[in-house]
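Please read this report with the sequence and the structure side by side.

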Amino acid sequence: MNHNLLEICYLIGSVTFILGLKMMGNAKTAKKGNLIGAIGMTIAILGTILLFEGQVSSLIYALIFGGIAVGTVIGWTTAKKVQMTKMPELVSMFNGMGGACAALISLIELNHHYHTVSAESSSYGTMIAIVAGLIIGTVSFSGSIIAYLKLNGTMNKPVRLPSYNILNTVVMIAVLGFGAYFVYDGGNMTLAYLLFLAAAVYGILFTIPIGGADMPVVISLLNSFTGLAAAFGGFLYDNKVMLTGGILVGSAGTLLTLIMCKAMNRPLSNVIFGAFGGGASAAGEGAEVKGSIKDIQVSDLAVQMNYARKVVIVPGYGLAVAQAQHTIHELEMLLEERGVEVKYAIHPVAGRMPGHMNVLLAEANVSYDKLVEMDDINPEFEQTDVVLIIGANDVVNPAAKSDPSSPIYGMPILEVDKAKSVVVNKRSMNAGYAGIDNLLFYDPKCSMFFGDAKKALTSLVAELKTM
Amino acid sequence: MNELLDFFGTNREMIYFIVLSIFVGVEVIGGVPTVLHTPLMSGANAIHGVVVVGAIYVMLSVDPTDYLALGLGFLAVVLGTLNVVGGFVVTDRMLDMFKKK
C-alpha cells in the first residue's frame, strides 16, 4: 500500500520536473515553473521518508531530518544572501554538492556491499551503476569546485600543465579503465577510495586549463554530468523520480551546453581541448595592429551623449565586476528624460553565463524591453549616434568577422563599428578573456574612456546633470 | 554478448524509459530564448538535486551500527539538500528580476 503510494509521489515528482522545466522556458511562467518543480521535489523527498516500509532506528530518522535541516538552512541563507554578480559561481557550487552527494551514495553502497552481501549476488548492472555514479559524481564535484574558484577570482588564470591534452586524455582513459576493472574484479573498499581520488584528480585536470570566459559552458556540462550521476542512482534503486530528474537534466543540460557553444560559434571539443587563452594570444599577435587609440574626456562624452538621438549601451562582464548596473540605469533614465533613445545590446555570451546581463540589468530595474538581442539590434547600429561599451571586449571585436587567423573568427558579434561613434569603457588596454587585441579600439570612430566602470559612469552621470 | 542481450531483456522497460526521457529533456529545452538560459541552467541544477532522494533511501536501509555509512549518509543528505534548496531559491531570486514593472 505504502509502496504504491510512494510510486504515485514519484510520478507527481517526475511530472512536475518536466512541467517546471517547460514553464521555465518562458519569461511569464518561469517563476511558477520553478515553484512547481520545488513542490514536486518536496513531495518526492517527504514520500521517500514517510512511506518507507521497514524498521528504521530513531537515530537514522534523526540524522536524516538533521541533515535536511542543516542543508536547508545553509542552502537557503547562501542563496538569499549572494550578490547577483556572484550567481554563476553559486550555481557551480550547488552543482558540485549534488555531484558529491551522488558519489557518497555510491561509496555507501559499496561499503554495504562488501560488508553484507556475498560478492557474486550483485549483478554487473548494479555494479556498473554504482561505479558510474561514483566516477561521474566525483568528476562533477571536483570540476565544479575548480569552476567555482575560477569564477570568484581565486584562481583566475588557466593553468596548463605541459601537453595537458595528452595528459588529460591519458588520465581519463586510466580512470575509465580503473572503473571497468573495478566492475569486473568486484573491487574492495580501498580500491573504491582510490577510484574516488582518481576521478577527483580527473575533474580538476579537466576544468583547470579552461579559461574564465568558457566557464558557463563547463558549468552547464558539469550540470548535465550531475544529472547523469543522479540517473545512475535511479537505475540502481529502480527509483523513477531520480531517473526522470537525472536524465531530464542530463539531456537538457547537454543541449543547453551545445546551444551556448553555438552562440560562441565554437564546437564543444574546442572548448574542452582547444587552447583558447594560451594558444589564442599567439595567433592573435599575428594580426597587424594599425593606427593609434585615442582617449575621450568625460565632458566631451557627456556632450556627445546629451545631443545624441540614439544611444546603444553594450554591457559586458566589466559592468558586473564593477557592480555598475544601477549607475548605468541612472545614466539611461537621465538620457531618456532628455529625449535620447537608449537601448541595451545583449550579446548571447556577454558576461559569464548566457542571460547574465539580463539578470544583472533587471536587478537594477532596467525595463525588460530595453534589452535587445544581438540579431535584432545589429541592423539598428547604422542609425545609432553613440555606442557605449562597458567592460565588453571580445563580443565587439571585428576580428571575428574579418580575420580568419583569429581564434574567435566566425563568432557572431555586435556590429558596433557601423554606428557613428563608439566609446569604450575599460579599466586598461589589457586584452579580453580570449587574450587577443581588439582592432575596434584603433578605429578612427572609436575612443577610449578609461576607468573602473562604476567610477567612470558616476562621473559621466554627474557631468550630464550639470548640463 | 549474450550477457549484454540478457541485460537488455531484463531491463527493457527501464531502457525505454531512459531513451524517452532523453527526448523529453531535449524537447523541453528547445526554443528557449537566450535571456532565460541562466535561470534555466540554475533550475535544472536544482532538479538534479533529486539525488538527495537516493541519499535518504540509502540512509533508511543502512545498519545503525555502521558509523562510517551513517557519517557518509548524513553528509550526502546535507549536500543533496543544499543542492535542492539552494538551487530552487537562487533560481527564484533570478526570476524575480524578470518581473515586469
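In this predicted model, the contact between the two chains takes 100 residues from chain A and 80 residues from chain B. Chain A and chain B bury about 8200 Å² between them, and 80% of that area lies on carbon and sulfur atoms. Two salt bridges are counted between chain A and chain B, and in a salt bridge the side chains of A:Lys31 and B:Asp92 come together at 2.8 Å, N to O.

| Helix pair | Axis angle | Axis distance |
|---|---|---|
| Helix 4 (residues 51–60) and helix 5 (residues 67–96) of chain B | roughly 155° | within 8 Å |
| Helix 5 (residues 124–151) and helix 6 (residues 164–185) of chain A | about 150° | 9 Å |

In chain B, the axes of helix 4 and helix 5 cross at roughly 155°, which makes helix 4 of chain B roughly antiparallel to helix 5 of chain B. Helix 4 of chain B passes helix 5 of chain B in a left-handed crossing. Residues making this contact include B:Val52 and B:Ile56 of helix 4 of chain B, together with B:Gly73 and B:Val77 of helix 5 of chain B; by class, the contact has 10 nonpolar, three polar and no charged residues.

In chain A, helix 5 and helix 6 are likewise roughly antiparallel to each other, while helix 5 of chain A passes helix 6 of chain A in a right-handed crossing. Among the residues in contact are A:Met127 and A:Val131 of helix 5 of chain A and A:Gly179 and A:Phe182 of helix 6 of chain A, and the residues of this contact divide into nine nonpolar, one polar and no charged.

Conventions. Residues are numbered from 1 along each chain as its sequence is written. Chains are lettered from A and ligands numbered from 1 in the order in which they are written. This is a predicted model: local features need pLDDT of at least 70, side-chain atom pairs count only at pLDDT 80 or more; totals for chains, interfaces and linings use all residues. Side-chain values use heavy atoms; hydrogens and water are left out. Axes are lines fitted to C-alpha atoms, for helices over the stretch in contact, and angles run from 0 to 180 degrees between N-to-C directions. Helices (H or I, at least four residues) and strands (E, at least two) are DSSP runs, numbered from the N terminus. Angles under 35 degrees count as roughly parallel, over 145 as roughly antiparallel, 65 to 115 as roughly perpendicular and the rest as oblique. A crossing is left-handed if the near helix is turned anticlockwise from the far one by less than a right angle, and right-handed if clockwise. Contact means heavy atoms within 4.5 Å. Ala, Val, Leu, Ile, Met, Phe, Trp, Tyr, Cys and Pro count as nonpolar, Asp, Glu, Lys and Arg as charged, and the others, Gly among them, as polar. Buried area is the accessible area (1.4 Å probe) that two parts lose on being put together, summed over both. A salt bridge is a side-chain nitrogen of Lys or Arg within 4 Å of a carboxyl oxygen of Asp or Glu.
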